[in-house]
Amino acid sequence: MTHNKNEPLTEELQCSDEFAAMLLEAENGPWIEIDGDELVAELDRMIAVAEAADGKATQ
Amino acid sequence: MAKQRNNVPPAPQAPVRKVRIVGTPSFYQTMKNYQSNVAVLKAFREFITAKRNDPLAPFGSKDRAFTGNGLKAYKHSGLTFDISVVYTLSGRDPHVIRLYGLFSHDELGTGNPARLGLQKKAADSFDRQTSFTPLEKIDESNRQVNSPLLKELLTLL
């Protein structure tokens, strides 16, 4: 099924062969466990840094 | 269970780790690609929060499995118009979310017909995976709690 980039994502998608191969390779690991609280805290930090950078860029 | 003190509401239960999250090296790499993109970061944060609260509930209206033979175990959830997070959900109590990364439509290659053989191979490999074995066992006794409020609440238990 082809995807029209001008339309919002409302339909299920197929991926490319290359992407499917990447997923296959990723299954071999390694898998690194992430603490959920730390992940959220890190995302908050990244958001703050990115917003600060955006603020400086618009000055 | 903590005894209720006068004029102090009973402390809520500490959050149960019903969801465990693991990431591939590619996930961390893709995170770096979007470290300056506020919209993507915020949407991904919402995704993580939502899945931790209710891993079975779809995230928004764009949380679907891939079509095509053999990749139905892989899900993609739209974060912004162009960027999606690819993940799988397995296990129960705890649920396990495997994060493969953040990808654009171009990177996903959506719209290109995928050869059945390769997707079937991917599916076979996925099916052979054993149950999740964490690389690092979470030691709850030494868990660092950064939230002052949560620290206070945990002392009441």
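These legends walk you through close-up views of a predicted model.

**View 1. A sheet built from strands of chains A and B.** Start with the open sheet, whose six strands follow the order S1(A)-S1(B)-S5(B)-S4(B)-S3(B)-S2(B) with mixed pairing. At its edges stand S1 (32–34) of chain A and S2 (63–65) of chain B; each has a single partner strand, so one side of each has no neighbour in the sheet. From one strand to the next, the twist averages 35°.

**View 2. The pairing of S4 and S5 in chain B.** Here S4 (residues 83–91) and S5 (residues 95–104) of chain B run antiparallel, joined by nine bridges. To find your place, look for B:Tyr87, whose bridge partner in S5(B) is B:Leu99.

**View 3. Helices on the sheet.** Helix H1 (residues 17–26) of chain A lies across S4 and S5 of chain B, at about 145° to S5(B). H1(B) also packs on the sheet, where it touches S1 of chain A as well as S1 (19–23) and S5 of chain B.

**View 4. The buried face of H1 in chain B.** Within this helix (residues 25–33), B:Phe27, B:Thr30 and B:Met31 are buried. Seen down the axis of H1(B), the buried residues fall within an arc of 110°, so they line one face of the helix.

**View 5. The largest nonpolar core.** Among its 27 residues, B:Phe44, B:Phe47, B:Ile48, B:Leu79, B:Leu99 and B:Leu102 touch the most other members. H2(B) gives the largest share, seven residues.

Methods:
Residues numbered from 1 in each chain as written. Chains lettered and ligands numbered in written order. Predicted model: local features only at pLDDT ≥ 70, side-chain atom pairs only at ≥ 80, totals over all residues. Heavy atoms only, no water. Buried < 20%, exposed > 50% of the residue type's maximum accessible area, 1.4 Å probe, protein only. Helix = DSSP H or I, 4+ residues; strand = E, 2+ residues; numbered from the N terminus. Arc of directions from axis to C-beta. Pairing = 2+ DSSP bridges. Axes fitted to C-alpha atoms, helices over the stretch in contact; angles between N-to-C directions. Contact = heavy atoms within 4.5 Å. Core = buried A, V, L, I, M, F, W, Y, C linked by side-chain atoms within 4.5 Å.
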